[in-house]
Amino acid sequence: MVELKENTLESLLNQVKIKANKLNETFYASYTEEITSIRLIDVFRRARGMKENRSFWHSYIDKFTSVGVGETAIISSEAGSTETINEAWKKIIDKTTIYNPYKKIGSGMIAMGGLAFDPKKEKTKLWKNYPTHELIVPKVAITQEEATYLTINLQVDPTTNIETLTKETALLVDLLLNKEMDFSIKPRTVKSKHEIEPEEWKESVVLARQAIIDEQAKKIVLAREMRLSFTEQIIVGDVLEKLIETQPNSYIFAIEKGPDCFVGATPERLVKVTGNKLLSTCLAGTAPRGQTEIEDNKLAKDLLEDAKNREEHEYVVQMIKDSIDSSCENIKIPNEPIIYPLRNLQHLYTPVTADLKTGFTIIDLVKKLHPTPALGGLPNEAALQFIRDHERLDRGWYGAPVGWLDDRFNGEFAVAIRSGLIQVDEASLFAGCGVMRDSDPELEYEETKVKFLPMLNVLEEN
C-alpha cells in the first residue's frame, strides 16, 4: 500500500495559496516524494476511464519510465514556434513552488508531449485532437529509473480550497497506485485491414525519384497509412505492454488526447540532454532481419556495404552535425556506422555526442534537428514542399518529436516512427522510406510493409 504524505503536500499548497492571495494570481505547486517501486504500466491502466488524459514514456537504454495522468498546465498552440515553448515552460517554472529534495533526472515537475511533423501541411480530421505542438504538465507523474518518484503538480489560485484539493488529490493517487484491477491482456479481433492507396503511393515514389534525378532534391521521404478496425475497443495499456515485450530496443510512448491515443515503439532518438551533455542519434538505412544467424549476418553486411543506404545515412550524419554546430561544442561523431538490430529490422546507426553551450535548451535542439533527412529529406525545404504537394497523408505527429523535459531542462525526445493513432476500435498506422535517385518503387513499398510490423503484429495478436 502506497500512501501520500497529505500533511506535507497540504503545507506546500498553503504556502502557494498565500502567494496567490497576495498577488491575486494563479500559481503552481509541485511536490515530489520517493515511493515503493511499482509497475508504471499498471498505473497507466488504472487511469483508464478516469476522464484524465494519460501519457507514457519508456526509454530502453537507461530503463527510465514515466507515466503522467491529468493536465495541470498545458503549453499548446496551432501556430506557435519552439521559442514560445521555451518561454512558456520557463514562465510555468517561475510560477511554481517546487518541493523535490531528490533532484534526480526526470523527477519533480516534468512536461510530456510532442509536435506536428509539418505545421504548414493542411490538417485533416484524423489529427483534430493534436495541436501543432503541445506539452502537458500532468497532475500526477511517476518516474522510475533506479528509484521511483511520485510528483503531484497542482494549480492554486485565490479561490482554491486547499483542504478539498488535498483530499481529492490523495484519493486520485490512491486509485492510481493501489486500485485492484485485472491486468490480463484482453483479446482483440481484427475486423478489417486496409492499405490507403498503395498504387498511388508507388506513383509518388516515381515522381520523387524523377525530382531527384532533375536535381530538385537529393532525398525525399514518403510515408503512407494503413487503417485497421476491430470488433472491440483497443485497450492502450495492453498495446504498451506488448510493445515493451516485443520491441526491447525501442522507446515506447503514448500521448492520449480524449478518445485518441498516439502510440509507438520508435528506435530513433532525436536528442537527449542531461545537464549540458547532448546525445543524438543518426539512424538511417534499413534492412530486414534474417531467419537464421547466417542470413542475418549477411543482411547486416550487405546493409553496411550498400551504396544507397550509406549515402542516405551520411546525409543524416552531416545534417545533425551542421544543425548542432552553432549551439554545441566538443562534437564527437564516429567515422563509420554500426548495425543497430531490432526485432523486425536492422538499421545503420551512428551516435553523436556534444556539450551544449550556455543559453541553449533541449527545445532549441529539437527545433534545429527536426525534421532530420531520415524523415523529411534533403534539402529540407525542397523535400518538405514535395511531401506537401504529393504525399496522400496528414502525418500529424507521426515522424515528429515526442518526449519529455523536466524543470531543469533535462529531457529526451525521440522521432515518432513505428507508430499509430488509436481511435477507440480503429487505428491508423504509419510507415515511410527515403526515396533516392536509384529507388525502386516496389522495393520501397516492401520496406514500408516491414516497417508497419512492430505496431501491426502487436495489434493483430490475440
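Ala, Val, Leu, Ile, Met, Phe, Trp, Tyr, Cys and Pro count here as nonpolar, Asp, Glu, Lys and Arg as charged, and the others, Gly among them, as polar. The structure is a predicted model, in which local features need pLDDT of at least 70, side-chain atom pairs count only at pLDDT 80 or more, and totals for chains, interfaces and linings use all residues. Residues are numbered from 1 along each chain as its sequence is written, and side-chain values use heavy atoms, with hydrogens and water left out.

**Exercise 1. Confidence and overall form**

Task: State what confidence the protein chain has, and determine whether its radius of gyration agrees or disagrees with that of a compact globule.

Solution. 
- Step 1. The mean pLDDT (the predictor's confidence in each residue, from 0 to 100) is 92 for the protein chain, and 97% of the residues reach 70 or more.
- Step 2. Helices (H or I, at least four residues) and strands (E, at least two) are DSSP runs, numbered from the N terminus. The protein chain has eleven helices and 23 strands. Confidence is lowest in α8, with a mean of 87, and highest in strand β22 (residues 419-423), at 98.
- Step 3. The radius of gyration is taken over C-alpha atoms, and the globule rule is 2.2 Å times the number of residues to the power 0.38. For 462 residues a compact globule would have a radius near 23 Å, so the 22 Å of the protein chain agrees.
- Step 4. Along the principal axes, the C-alpha atoms fill a box of roughly 65 × 50 × 40 Å.

**Exercise 2. Cavities**

Solution. 
- Step 1. On a 1 Å grid over the protein atoms alone, a cavity is a set of points where a 1.4 Å probe fits but cannot get out, and a pocket is an open set with protein on both sides within 12 Å along at least five of seven lines; lining residues have an atom within 4 Å of a point. Grid points are joined across faces, edges and corners, and a volume is the space filled by probe spheres set on the points.
- Step 2. The largest cavity contains about 210 Å³ of space. β23 supplies the largest share, five residues. By class, this lining has eleven nonpolar, five polar and seven charged residues.
- Step 3. The second largest cavity contains about 60 Å³. Four of the lining residues are nonpolar, none polar and four charged.

**Exercise 3. The second largest pocket**

Task: Identify which element gives the largest share of the lining of the second largest pocket.

Solution. 
- Step 1. This pocket has about 320 Å³ of space. Of its 15 lining residues, T286, N309, L443, E444 and E447 are closest to the centre.
- Step 2. β15 (277-288), α8 (307-324) and α11 (441-460) each give two or more residues.
- Step 3. The largest share, five residues, comes from α11.
- Step 4. The lining divides into five nonpolar, three polar and seven charged residues.

**Exercise 4. Charges over rings**

Solution. 
- Step 1. A charge sits over a ring if NZ of Lys or CZ of Arg is within 6 Å of the ring centre and within 35 degrees of the ring normal.
- Step 2. K19 lies over the face of F27, at 5.3 Å from the ring centre.
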